[in-house]
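Good morning, and thank you for coming. Please look at the sequence and the model as I speak.

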Amino acid sequence: MDQADRYRELLTELREHNHRYHALGLTIIDDNEYDALYRELVAIEEAHPELIDSQSLTQRVGEPLETGFAPVSHRERMFSLDNAMSIEELDAWNERLVGSLGRSGRGYSCELKIDGLAISLTYERGELVRASTRGDGAVGEDVTANVRTIRSVPMVLRGEAPEVMEVRGEIYLPVSEFKALNARQAEAGAPPYINPRNTAAGSVRQKDPAMTASRNLAVWIYQLGFVEGGPQLDTHTQQMQWLSDLGLRINPANETVKTIDDVKRYISDATAHRHDRDYETDGIVIKADALADQAEVGFTARSPRWAIAYKLPPEEKNTVLRSIEINVGRTGAVTPYAVMEPVFVGGVTVTNATLHNESELLRKDVRPGDTVVVRRAGDVIPEVVGPVLELRPRGLRKWRMPELCPFCGNPIVLTAGEAKAKCTGGFTCGSRLREYLYHFGSRGAMDIEGLGYKTVDALVSAELIEDPADIYGLTDEQLLTLEGWGAISATNLISAIERSKSRPLAKLIFGLGIDHVGGTVAGLLAEQFRTLAAVGSATVEQVSEIGGIGPEIASSVHSWFADPDNQALVGRLADAGITLELPERDGPTLPQTLDGLSFVITGTLDGFSRDAAKAAIQERGGKVIGSVSSKTTALVAGENAGSKLAKAQAVGVPVLDVESFVNLLERGPDGLI
């Protein structure tokens, strides 16, 4: 596989993991594995800047919102943190910090990295007016009603509060509360919750605040974001003390130290006592304590240079691998997983673990009957690290992918150049159909409340649905024939199905389950083509011309719509009354001085948000694309422009600063000075 193909593969995989983590509060891979994928992406971009995709995770903080909560713009961006996976990487970060300052720093703030949900709290004149999630770092989702139920979040601050203030913190579910919640689940005969972090994230997103209140969540505040008014303070530690005086909850485990050796001592103590507290931690955050030092070294496009997260090593335990089973996903991809003797690791008892794909499984050479090392870091599905060879019984046979799918009996094939084998049975495969229908109704797609796995299984078993279009033909009478269903549950599902008909076009495109098309790509397709019919009739070349979409994705889109079965599905969805197009745009109100011109925007523009700059170009008929090429009219570059600036200079594309950009908007092409 060449670097371009590997780069696109990494983009697809990381986007999916980010969507699950940021939009759904779910994780399916180990933190260390995610970090390894991200670093590989960065390495390819550094070696091949011409490959950089505008929607790469290195170009933005996180994924767009995929929920029904109202959007909220943060006054100050909520950045992510770079990670240090070892003491050597921590030392390298410190050397960069000292090198940027030209001297030693003025102390470090050390804080436990809480395993929960990041939150921004806005106070005006001392009263809580808004709570929002991180979202994509610039825009989060409004969860004020739910956060108001958390008792450790003060509704009114103490003392002399500033006019306006945003503070950042982490909402978490105490371990004791998590255990009590699962005890109640067991008494009710309900399945247990997987872990505190996911449960906390789901609790904050409940539609009923009373449900959030019942979960007994808590919060630690770790950063002052924006403030208007307030005292002049010199250090992060002083800010935290001030916030504590105002009544905000600051973790007493925080410590301010003088040297990097003191930081390492703090890390050692935190590692030794990571399970002694009533909350889960997955690392230590180290910050330059002096605010002047923070301002001097600044930020990259994604993270502050003055802070880093030291990730605690994942826990590992030994257990016996009973068997290796496979699952068929919504695209037909076959994923092996391990069924093990129960083992307590990372705070929970686990019996299943991911094995990723056949080649990875064979590389590790784990076999049924092996004693294996299982790793789980905090909140993620565990993985099998490898076998303990000295404990391997004689005669264990290597595992091989079955030739036939156990769910439908059709052949399983591995196409050259692909990592995962696929079932060839299409939607005659019960496992693939189940995953596909669940995906179609999920929050990121058509958001059909109540259409979870249990409901999908019941509907498929009763032969009431075979594809997404069948969902829209369901009736109350049919649902009432299902065991355990009553009039209220039937009416609620039918109402949810009806509401889903008006979901945005991008949601539908994502829900169709096209290979390599996640939420971001679905949005690009919807915005470019405006109707599903136009997407379906587009050529591979036309799709490839969209910034952020490469030939592999374009080919996948074209192939999906060329399939007669998929064409029939689209026709039936249209007959059901699904929204298949975006609303008509209002006519232009400004002279179309930039018609036919294309621009790339990068960096921080003084006086313009990224969205405002994009809108200003589009209102004048111009097009904003994601990556620089020789066909780009100009690059609009602010501070911290990064690799796009280098690419523009290399291919001879004009570069506009803010002053030139304003001239462009006022004078059209004559403004390209």
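Predicted model: local features only at pLDDT ≥ 70, side-chain atom pairs only at ≥ 80, totals over all residues.

**The largest cavity and its chain**

Ten residues, given as 10 in the count, line the largest cavity, and Pro 49, Ile 52, Ser 627, Val 628 and Lys 644 lie nearest its centre. A cavity here is a set of points, on a 1 Å grid over the protein atoms alone, where a 1.4 Å probe fits but cannot get out, and lining residues have an atom within 4 Å of a point.

Residues are numbered from 1 along each chain as its sequence is written, and side-chain values use heavy atoms, without hydrogens and water.

The lining comprises three nonpolar, four polar and three charged residues; Ala, Val, Leu, Ile, Met, Phe, Trp, Tyr, Cys and Pro count as nonpolar, Asp, Glu, Lys and Arg as charged, and the others, Gly among them, as polar. The volume of the largest cavity is about 70 Å³, that is, the space filled by probe spheres set on the grid points, which are joined across faces, edges and corners. How many cavities of 30 Å³ or more does a search of the whole structure find? The search finds two.

Let us turn to the whole chain. Its C-alpha atoms fill a box of roughly 70 × 65 × 55 Å along the principal axes. Of its 673 residues, 50% are buried, meaning under 20% relative accessible area with a 1.4 Å probe, protein chains only. Among contacts with a separation of 6 or more, 68% join residues 24 or more positions apart, a contact being heavy atoms within 4.5 Å.

Technical notes. 1 Å grid on protein atoms, 1.4 Å probe; cavity = no way out; pocket = protein on both sides within 12 Å on 5 of 7 lines; lining within 4 Å.
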